[in-house]
Structures are given as structure tokens and as C-alpha cells.
Amino acid sequence: MNAAVTKKAGKGATDGVVSEMATYFHVKPGHEQEVAAACQRMVEALKLAPMAATIKTGLRDTRHVLFNNGTELLWATTFETEWAPYIDDAFLTVGFEHFVDWMRHTTEWDTKIAPWIEKSGGLESLTDKTREGFDEHILANMAGMRQILQDGQQKAAAYWNPVSSLTMSQITKADRINTAFQEVLDDPAAEEALQHPALKPLLAQAAS
């Protein structure tokens, strides 16, 4: 059954502020190790990216899974923004070269992705960030890539995220506040101030 395409999640499902995308590719024969290594390189690039930039894309998590004896590849990711801006920002922020790294080991590369690249002005036009008007060029051509991803996208039969009511900005802010408050609790100089009745609810939360 074909899933309806929505502005929020493409063909995916949504829970709270979070949507999921599961897109399937076919691995070229004998390319199992190469595609696995390329997927890991993309993850390492994401880990090195500034947290603010990652949050801006809407990314919650991402993973690649080889299955069917290495013949197929699942790219699964969850995100907070709408479908089109998420894909656009992912390619701009992460860099199309990191997607090329693993996509070229799939059969979709030859049948769909490489033709789209050629139609969009060639690989250099999509990867050379020093080119004038680079961002505008990427955004003007991303509709084709979004369609390629949707061609292989399948909606989750069921999807639940336990913190779907919170954005990554809220989660990371809460973590920073908790870290700072723990420092205050460990500071002997703050002991007298912490006795104030107004802080009782905060201390109760810290103790729970």
C-alpha cells in the first residue's frame, strides 16, 4: 500500500515533533564492505559537526543497516523539521560528498542518482562549497533528490518516540541547566542560598 506524502514527514510517520524516514537502497554486488565503511565515515562527519548546526537541520538520529546478506541498505533517520527543509539542510550542512560516498555503492546511483547529478550541473557543482551561489544551486536542485529518496521510502507500520514532545534544543538546554545546577549543589558556598523556601521544588526535582 502506498503511503500518502505529507509536508511534515514525506511518506513517513510522525509522533509529536518527531518524524521518521526509512529509505531502502540496493547494494551493488561485492560492495558490502565499501558501503558500510562509507556510512561510518558519514556518521563520523556528523559527530564532528557543531551541535548548533546539527540541531538546525532538525536531525534527531540516523543509522544505516545492511540486510538480506548485504544486498540491501536501509537509511533510517528521525527529524523535527518538515520533510523538504530537513533533506535540503542535511545535504547543505553535512555536505553532499558524504552522501555520495555511500550512495555510489548502490544500484540507485547508476539508475537515478548519477543522472540527477548530471542534470543538476555535475558533481562539482553540488560539492564545491566555495563556488559562488553554492547554497542557492543546491536548493534549486534538491527536489530531484527528495523524489529519489521518496521512491525508496516506506512508512513505519508503527512509530513511537518517548520524548517526542521535546525538541533537541529543549533537550540539550535541559542538560546544560542540569549540569550547571549540579555544580551549584556541589559548591559549599551555595549551601546557605539553597535553603531558601523558593528553591524547594527545584531541589526536590534534583533529588528525584
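Colleague: Phe25 and Trp102: buried or exposed?
Modeller: Both are buried. Keep in mind that this is a predicted model.

Colleague: How far apart are the ring centres of Phe25 and Trp102, and how are the planes set?
Modeller: The centres lie 5.1 Å apart and the planes stand at 90°, so the pair is edge-to-face. Phe25 sits in strand E2 and Trp102 in helix H4.

Colleague: Which aromatic cluster are they in?
Modeller: One that also holds Trp75, Phe91, Phe96, Phe99 and Trp116.

Colleague: How many aromatic pairs turn up in the whole structure?
Modeller: Eight. One of them is Tyr24 with Phe67, whose ring centres are 5.9 Å apart with planes at 85°, so it counts as edge-to-face. Tyr24 belongs to strand E2 and Phe67 to strand E3, 43 residues apart.

Colleague: Switching to helices. At what angle do H3 and H4 pack?
Modeller: About 95°, with the axes 6 Å apart. That makes H3 roughly perpendicular to H4.

Colleague: Which residues make the contact?
Modeller: From H3, Ala90, Phe91 and Val94. From H4, Phe96, Glu97, His98, Phe99 and Met103. Six are nonpolar, one is polar and one is charged.

Colleague: And how do strands E3 and E4 pair?
Modeller: In the antiparallel sense, over eight bridges. Asp61 stands opposite Thr78 in E4. The two strands form a hairpin with four residues between them, and Asn68 in the turn has a positive phi of about 55°.

Conventions. Residues are numbered from 1 along each chain as its sequence is written. This is a predicted model: local features need pLDDT of at least 70, side-chain atom pairs count only at pLDDT 80 or more; totals for chains, interfaces and linings use all residues. Side-chain values use heavy atoms; hydrogens and water are left out. Two strands pair if DSSP finds at least two bridges between them. Axes are lines fitted to C-alpha atoms, for helices over the stretch in contact, and angles run from 0 to 180 degrees between N-to-C directions. Angles under 35 degrees count as roughly parallel, over 145 as roughly antiparallel, 65 to 115 as roughly perpendicular and the rest as oblique. Contact means heavy atoms within 4.5 Å. Ala, Val, Leu, Ile, Met, Phe, Trp, Tyr, Cys and Pro count as nonpolar, Asp, Glu, Lys and Arg as charged, and the others, Gly among them, as polar. Rings of Phe, Tyr and Trp (its six-membered ring) pair if their centres lie within 6.5 Å; planes under 30 degrees apart count as stacked, over 60 as edge-to-face and the rest as tilted. Buried means under 20% relative accessible area, exposed over 50%, partly exposed in between (1.4 Å probe, protein chains only).
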